[in-house]
Amino acid sequence: MTDKNTELEQELVFDPLDMNNYKVEKLPKMEKSGFEKWMARLGGPIAALVFILIYWVIDIPLFDNMDFSGLSDKAQARLGVIGEAAFIRACL
């Protein structure tokens, strides 16, 4: 009888180093809210649209007048080969 009680006590003791206590399957299932459902549907297309706008449509003036004097020798050599426009596009 003592062995059974000892085994039950050992099962009830929480071991913080036992990785079985931290499985994803043990997390409670949560229901998505209305906003989360909409973002799950529209998140990908919105991200693609924002990418297209930033990359091809919106002009970022920071990159129009760049100072290339602080570049390393290797970067200066690459700049000489491909030109300013291609160098800026490659670095974005």
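This tour moves through the structure one selection at a time, from the whole chain to an aromatic cluster and then to a pair of helices.

**The whole chain**

Begin with everything displayed, keeping in mind that this is a predicted model. With the chain coloured by secondary structure, you will find four helices and zero strands, and from the N terminus on the elements follow one another as α-α-α-α. If you then colour by accessibility, buried residues account for 5% of the 92 residues in the chain.

**The aromatic cluster**

Next, select the aromatic side chains, among which a search of the whole structure finds four aromatic pairs. One of these joins Phe51 and Tyr55, whose ring centres are 5.5 Å apart and whose planes meet at 10 degrees, which is under 30 degrees and so makes the pair stacked. Both residues belong to helix H2 (residues 34-57), and because they are four residues apart there, about one helical turn separates Phe51 from Tyr55. Showing the surface around them, you can see that Phe51 is partly exposed, at a relative accessible area of 47%, and that Tyr55 is likewise partly exposed, at 32%.

Trp56 itself is exposed, with a relative accessible area of 57%. Selecting Phe51, Tyr55 and Trp56 together shows a cluster linked by ring pairs.

**A charge over a ring**

Now select Trp38 and Arg41, and turn the view until you look onto the face of the Trp38 ring. Arg41 lies over that face, at 5.7 Å from the ring centre.

**Helices H3 and H4**

For the last stop, select helix H3 (residues 73-82) and helix H4 (residues 84-91), which pack with their axes 7 Å apart and at an angle of about 125 degrees. That angle makes H3 oblique to H4. Which residues make the contact between the two helices? On the H3 side they are Ala75, Arg78, Leu79 and Ile82, while H4 contributes Glu84, Ala86 and Phe87. Coloured by class, the contact of H3 with H4 shows five nonpolar and two charged residues, with no polar ones.

Note on methods
Residues are numbered from 1 along each chain as its sequence is written. This is a predicted model: local features need pLDDT of at least 70, side-chain atom pairs count only at pLDDT 80 or more; totals for chains, interfaces and linings use all residues. Side-chain values use heavy atoms; hydrogens and water are left out. Rings of Phe, Tyr and Trp (its six-membered ring) pair if their centres lie within 6.5 Å; planes under 30 degrees apart count as stacked, over 60 as edge-to-face and the rest as tilted. Buried means under 20% relative accessible area, exposed over 50%, partly exposed in between (1.4 Å probe, protein chains only). A charge sits over a ring if NZ of Lys or CZ of Arg is within 6 Å of the ring centre and within 35 degrees of the ring normal. Axes are lines fitted to C-alpha atoms, for helices over the stretch in contact, and angles run from 0 to 180 degrees between N-to-C directions. Angles under 35 degrees count as roughly parallel, over 145 as roughly antiparallel, 65 to 115 as roughly perpendicular and the rest as oblique. Contact means heavy atoms within 4.5 Å. Ala, Val, Leu, Ile, Met, Phe, Trp, Tyr, Cys and Pro count as nonpolar, Asp, Glu, Lys and Arg as charged, and the others, Gly among them, as polar.
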